[in-house]
Amino acid sequence: FLRKAMKRNFSQVDGPGDGGKGSSSSLPIIIKLVCPHDRSGSVIGKGGDVVKSIRTSTGTRIKIEDTVPGLKERAVTVSAPDKPNEPCCPTDEALIRLIARVVELEGPDGKPTLPEEVEVKIIVDRGFVGQIVGKGGSHVSQIRSQTGANINTMPPTVRSPLVADAEQMIKISGPYEGAKQAVHLIVERVRSAIAKGQMPLALSSAPPPALPGQAPAPAPIAPPYGAPPVAAAAPPAAQIETVYRILMPDYRVGGLIGKGGEHLRRIRTSTRAEVHVDSKLENVPERVVVCKSQEPADSQWCGAAEALMKCTQHMLHDKPGYNDNKDAADAAAAPGPKQVRLVAQAKQMGAVIGMKGATIKQLAQDFRCKLNVIKGDLAPGLGTQHDEVLLIEGMQQNILSAVRVVTMLLRGIMVRQQSEQHAPPPPAPLPA
C-alpha cells in the first residue's frame, strides 16, 4: 500500500452534506451508461466543459471509465444520493442529459439533432434487476406499454468487460422520447428499492456456507472501492482468519451480551463466528469486542463480518437493550449523528485509506459520513502501538453501510497478508 507515499492529512475526510438530513437512503443511486468511443468527445466536451456542467447542475459524480482494449464502448458511471422529496433523483437527471449527448446526430445544417429511433444500454446492480423486471415480467411489460420502448435484460451469462460480477446490462430501444422515459422508470425502480432498504448485491453478504443437503452458495463477488477480490491473493482452499475489533461503550455491553448471554449466543450461532467481549478496564469507558472466523480465501461468506455488523447495529440502535445503562443509552439515542470506532493494525488500515486517501475520501462521499483514522487514540489495554482507530460519524444507516464496505476492504488485506506469510520460500539457486 506504499504507506510512505500516503499523507496522513488525507485520513480525515468529511462527507458532503449534513450526514443525510432529509434523505431516507444512505446509499447513492449508481447507474452506468454505455457510451460508444466515437461519442466520448460529445459527452466530455471541449476541456471537459459538458461533463462538468452536468455534474454541477445535477450534483452528481460522473466518472468516464477507462477504455477497454479491443472494445468500441466505454462506461460512464453516474452516482449521487437520492433526494426523496424531488420527483426525479439527481442520477436520473444526469443520465437523461448524458443519453442526449450519446445519441444526438449532426443535422444538415451542422447543428446537433436527436434521432427518431435509439438504442441505449445501461448497467445496474444485479440486486435490483428483480425489482425492475417484476414478477413474471410485469414491471417491464408496464414500462413497455407506457413508453413504447423495448427493454431487454441481458442474462448474467452474457458478459461484457464493462459489466462487473454483481451487475447486469439492460438494453432499451425504440423512439427517443420513449427510451428516455423508460430509463427514467427503470431508475425509479432502483430508487424505490433503495428507499425501502434493499442493499445492492455488490455490498450485500451472501448466505452462510451451505449445510449438508443445501445448495452451495453462488460464486464470490469482487469487493468495491478497488479492494482485491479475496481469492486473488491466496489459493481458494486456503483458510483465512478474519478478525475485526470494535470499541463498545460500557453502557451498551449488557445489551450486547443479553440476559444470561442469550443475545451473544444468537450472534455466534447465526454467524458461526467467535465473538467475545474483553474484560472491563479501570477508568476506561469502553471495551473491545472481537469478532473472529475462519473461511476459505475465496468464500463469499465471512462470519466475522456478519458478527461485526450485528454488534454495530446493536450499538447504534435507538433503544437500550437488556441490562444497558438506560440513562446513558437514552442520551446516545438522541436524534442526530452517531459514531462507531473500529480498531485495526496500521498496515491493514492502509486498505481503508487508499492511495493518497482516495478510498477513504470516496467512502465519505458515497455514504455521507465523516471518516477519520486516528493513531495513538487507544487507552492502555485496548490495543497496541501498531493499532489505529477508524472513527466513522454520521447517521445510523449511513454508518452501517460504510462499515459493511470497510469489512470488505479489511478482509482483502488480511487475505493478502496471510497468503504472503504462508507462501513457500523461493527455490534455492542452482549450483554454479
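1. A cavity is a set of grid points where a 1.4 Å probe fits but cannot get out, and its volume is the space filled by probe spheres set on the points. In this predicted model, the structure holds three cavities of 30 Å³ or more. The second largest cavity contains about 80 Å³ of space.

2. The second largest cavity is lined by 14 residues, of which Tyr-244, Leu-342, Val-343, Ala-344 and Leu-410 are the closest to its centre. By class, the lining comprises 12 nonpolar residues, one polar residue and one charged residue.

3. Two packed helices are described by the angle between their axes and the distance between the axes.

4. Helix H3 (residues 90–103) and helix H6 (residues 176–195) have axes that come within 10 Å and cross at roughly 150°. Because angles over 145 degrees count as roughly antiparallel, H3 is roughly antiparallel to H6. The crossing of H3 past H6 is right-handed.

5. On the H3 side, the contact with H6 is made by Asp-92, Leu-95, Ile-96, Ile-99, Ala-100 and Val-103. H6 contributes Tyr-176, Lys-180, Val-183, His-184, Val-187 and Glu-188. Eight nonpolar, one polar and three charged residues make up the contact of H3 with H6.

6. For helix H8 (residues 262–271) and helix H9 (residues 303–316), the axes come within 9 Å and cross at roughly 150°. H8 passes H9 in a crossing that is right-handed. His-263, Ile-267, Ser-270 and Thr-271 of H8 make the contact with Gly-303, Glu-306, Ala-307, Lys-310, Cys-311 and His-314 of H9. By class, this contact of H8 with H9 has three nonpolar, five polar and two charged residues.

7. Helix H7 (residues 250–257) also packs with H8, at an angle of about 70° and with the axes 5 Å apart. Since angles of 65 to 115 degrees count as roughly perpendicular, H7 is roughly perpendicular to H8. The residues in contact are Gly-255, Leu-256 and Ile-257 of H7 and Glu-262, His-263, Leu-264 and Ile-267 of H8. Four of the residues in the contact of H7 with H8 are nonpolar, two are polar and one is charged.

Definitions and conventions. Residues are numbered from 1 along each chain as its sequence is written. This is a predicted model: local features need pLDDT of at least 70, side-chain atom pairs count only at pLDDT 80 or more; totals for chains, interfaces and linings use all residues. Side-chain values use heavy atoms; hydrogens and water are left out. On a 1 Å grid over the protein atoms alone, a cavity is a set of points where a 1.4 Å probe fits but cannot get out, and a pocket is an open set with protein on both sides within 12 Å along at least five of seven lines; lining residues have an atom within 4 Å of a point. Ala, Val, Leu, Ile, Met, Phe, Trp, Tyr, Cys and Pro count as nonpolar, Asp, Glu, Lys and Arg as charged, and the others, Gly among them, as polar. Axes are lines fitted to C-alpha atoms, for helices over the stretch in contact, and angles run from 0 to 180 degrees between N-to-C directions. Helices (H or I, at least four residues) and strands (E, at least two) are DSSP runs, numbered from the N terminus. Angles under 35 degrees count as roughly parallel, over 145 as roughly antiparallel, 65 to 115 as roughly perpendicular and the rest as oblique. A crossing is left-handed if the near helix is turned anticlockwise from the far one by less than a right angle, and right-handed if clockwise. Contact means heavy atoms within 4.5 Å.
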